Every structure is written in C-alpha cells, then in structure tokens.
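I opened the structure viewer and kept a notebook while I looked things up. The entries are in the order I made them.

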Amino acid sequence: MLPTKLPHVGTTIFSQMSALAQQHDAINLSQGFPEFDGPELLKRKTQEYIQNGMNQYAPMPGVLPLREQIKELIFRCYQRDVSADTDITVTSGATEALFVAIQAVVQPGDEVIVFDPAYDSYDPAITLAGGVPVHLELTPGAYRIDWNALNSAINERTKAIVINTPHNPSATCLSYDDLSRLEALVCDNELFLISDEVYEHITFDGILHQSVHRFERLAARSFIVSSFGKTYHMTGWKLGYCVAPKNLSTEFRKIHQYVTFSSFTPAQLALADVMMAQPDHCSELGYMYQDKRDLFNQLMENSRFKLLPSSGSYFVLADYSDISDLPDTEFCIWLTENAGVAAIPMSVFFASGRDDKVIRFCFAKRPHTLKEAAKRLGQL
Ligand SMILES: Cc1ncc(COP(=O)(O)O)c(C=O)c1O
C-alpha cells in the first residue's frame, strides 16, 4: 500500500458535480468556467504561432513580450512599477502559481492562515509543503475577515496568510481598510502573503479592486497571483502568473523550474499580442460580467432562492432554505437530478463542513443558458 500524503483529498466536488450534470443532461452552473471563448484574435494568433514553428520551450520565467505586457497592465491598473525581468513569472495557471508560492514560503511545521470558505487548492499545497493550514471562518452571511480571530491566530509558528479577492465562492471583495489592516499585520509580524487575485478584473457596481499591488509595504512581502484563464475566458489553457519582488521571485522560480519549467509557448506569444492590441479588454470585463449577474439576479427574482450580493468574480450565492431542509451537498445532487441545474454546495469550501443552506451558481454563461436555468429554478 502506498501511504497517502493527502488523506482528506478525494475527487473534487467540481469534477463530481460536472460529471453528474453531464449524466443528467443538466445545465452546469457548478464549475467556474465561461460558456464562451476568448477573443478571436487570441485564437488566431495562437494558431499562427503554432503554424510558424514557435513550439519549443519558452524561457523559464515566460516569454519576455508577455512579461512586458503584464508589467504594463499592472502599471495601468495599479500604478505600480514592477520588473518584467525579475518580478514576473508566467505559470501553468494560477493553480501552479499558488502551489509554487506556497512551496517557496512554507517550511515543515509552519502555520498558514486560510480563510474559509476557501478555494480548494490552498490546503493541499500547504500540507504537501509540510505546513499546517489554520482555517479561520469569515463572518457568517457577510463573509468578512474576523479581525479578533485573526489576531488571536497569529503566533510564532505563523508563516503566511492566503487571501483571495474578489472571492470565490462568496463573491465579496476586500476593502481598502481590509488591505491596510492586513498590511500592518503582515509587516509587523514579518509574515508572507499569498494573494489570489484571479478575478482582479471582475468587480461590479464601481467597486475598485483593492489589489495588493496598491499597498507597497505589503507587496514587498507578497506573491500576487493572476489567471489568464479567467481574464481571457480560456480556463483550459491553464496560463497564469505570479508577481513578487526579486528576492521572493528567485525562490519561486527555483521551484517553478522543476514543476513545469515553462508554459505553453504559442499562447504566451499570442497573449502578448492581444494585450498590446486590445488594452481595454481588462477594464471592460467587469461590465460584461455585471450584465450577466444582473440578468441572472433579475431572472431569479421570483424564485424561492434568496440570492446574496455578488460584488466580484463570476459567482453568486443562493440561500435555498425556503425550498428544502436537505444538507447542501444532498440538495445540489437533488437539484441536478430533479431540476436539471448543477450548483456547488458551500459546505465543501469549509474545513469544518459548515452548512448554511447556501449554494454557489456560476453565471459566466450565455443569456439563453441563464434564462433556461432560471426558468427551471423558478419552478421549485
Ligand atoms: C479563487 C481561484 N483561484 C485559483 C483558481 C485557478 O485558476 P487557474 O485555472 O488559472 O489555475 C481558480 C479557478 O477556479 C479560482 O477560482
């Protein structure tokens, strides 16, 4: 028998719900992926680079034109000057960036604070590094940081904090005040921060994304992670990046070069071209998704689901307590089998398994899909 390094990990709920959705021909609002492609130019350019023989290893940190475009984007969005040479590393999705950043920071026995509900990749990465994930729950209903709990959790073994804004699954965003307080805590306690900002360009109602890039002292101790999959609707391409100051990036790259070494060359070159040709893509993304959120909210108005506010990401939470007493995972299975709509139960994002009778819908879908899903959900 091979002893397992991850005793609590099985098939993820995302794979399970997507498989169940397929089996029952249900509308899949569970897994977070868009139902539409990225820019035509991106597809065309990638094909061109493939045809033109740009098919060998990219440089380990990513192709330079792409790192230069990322640098420009960070300057445009957050007025921060980073080095394309030393601070930016292109990775195989944000997943790889998060994994590598955690391996770079965490030594055996170190504690890492994770806020629940949490995206599922942080905990196994911490465990594999020999660290101890310390799960703190965000405040019920509002999903804000409980500062008293955070202050009490920090001790001499604490090495790092993981944050995610805009947040999957709660669709909340950290505020300027939150980031200022985090900056003081991280710097005073000489911690490191891993900031998962994969939905950085998807905020609604005029909310400004409070990137760690805007907080100079905090950024000096942070790995800031983003995803081209999310920003360019190409989740299957698994391309992302990590920005960290030179001393942190050096350690990050030592590990990245033995995890993947480098990522898909033709798409990196094509992304660089598209970022240069379409500089407004990122600033328009929030409006595009806000329309989808508004459409889904409006279509669901007369249903018995109570939708919670969604300020960013492409998710919205729904309270189903008026419809059923089932635990949330059972409810999601029931919903897929009986209503033909797949969603994700919130309890899977809690280490404690907390069940508030809330589920997560992904609204990164075409209008007719959202309409059909809402029609089915409205009949319950
Ligand atoms: C919060 C969060 N972080 C990271 C990722 C992973 O991003 P990628 O597909 O670029 O690996 C996701 C994808 O769903 C996510 O929601």
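What follows is my list of entries, from the whole chain down to single residues.

**Ground rules.** I am looking at a predicted model, where local features need pLDDT of at least 70, side-chain atom pairs count only at pLDDT 80 or more, and totals for chains, interfaces and linings use all residues. I number residues from 1 along each chain as its sequence is written, and side-chain values use heavy atoms, with hydrogens and water left out.

**Domains.** I looked up how the protein chain is divided, and found domain 1 (13-31 + 281-378) and domain 2 (40-277). These bounds come from an automatic or database domain assignment. The C-alpha centres of domain 1 and domain 2 lie 25 Å apart. I then checked contact, which means heavy atoms within 4.5 Å. In domain 1, 28 residues are in contact with 31 residues of domain 2.

**Cores.** I noted two terms before going on. Buried means under 20% relative accessible area, exposed means over 50%, and partly exposed is in between, with a 1.4 Å probe and protein chains only. A nonpolar core is a set of buried Ala, Val, Leu, Ile, Met, Phe, Trp, Tyr and Cys residues joined through side-chain atoms within 4.5 Å. In soluble globular proteins, nonpolar side chains tend to be buried together.

Which members of the largest nonpolar core touch the most other members? I found Leu150, Ile161, Phe305, Ile359 and Phe361, out of 97 residues in that core. Helix 4 (residues 93-105) gives the most to this core, with 7 residues. I take helices (H or I, at least four residues) and strands (E, at least two) as DSSP runs, numbered from the N terminus. Domain 1 and domain 2 each supply at least three residues to this core.

I picked Ile161 and left aside its neighbours within four places in sequence. Ile161 is in contact with Ile113, Phe115, Leu150, Leu182, Val186, Leu191, Phe192, Leu193 and Ile194. Another core, of 27 residues, lies apart from the largest one, and Ile88, Val90, Tyr232 and Leu239 are among its members.

**Helix 1.** I looked at residues 13-23 and found that Ile13, Phe14, Met17, Ser18, Leu20 and Ala21 are buried. They cover an arc of only 160° around the axis, which puts them on the same side of helix 1. The arc is that of the directions from the helix axis to the C-beta atoms. Gln22 and Gln23 are exposed on the other side of helix 1. The buried residues of helix 1 pack against strand 1, helix 13, strand 11, strand 12 (344-345) and strand 13. Just after helix 1, I noted that Asp25 takes a positive phi of about 50°.

**Ser18.** Is Ser18 buried or exposed? Ser18 counts as buried, at 15% relative accessibility. The side chains of Ser18 and Asn28 are joined by a polar contact of 3.1 Å. A polar contact is a pair of N or O atoms within 3.5 Å; within protein, one must be able to donate a hydrogen and the other to accept it, and residues adjacent in sequence count only if both atoms are side-chain atoms.

**Helix 14.** I checked the length of helix 14 (residues 367-378). At 1.5 Å a residue, its 12 residues should span 16 Å, and its end C-alpha atoms are 16 Å apart, which agrees. The expected span is 1.5 Å times one less than the number of residues. In helix 14, Thr369, Leu370, Ala373, Ala374 and Leu377 are buried. These buried residues fall within an arc of 125° seen down the axis, so they line one face of helix 14. Their cover includes strand 1 (27-28), helix 12 (281-299), helix 13 (328-339), strand 11 (341-342) and strand 13 (358-362).

I found a cis peptide bond from Asp116 to Pro117, with omega near 5°. Pro117 is in the loop between strand 3 (111-116) and helix 5 (122-128). The peptide bond from Asn168 to Pro169 is also cis, with omega near 15°.

His233 has a positive phi of about 55° although it is not a glycine. His233 counts as buried, at 8% relative accessibility. Ser313, which is not a glycine either, has a positive phi of about 80°. Ser313 is buried, with a relative accessible area of 0%.
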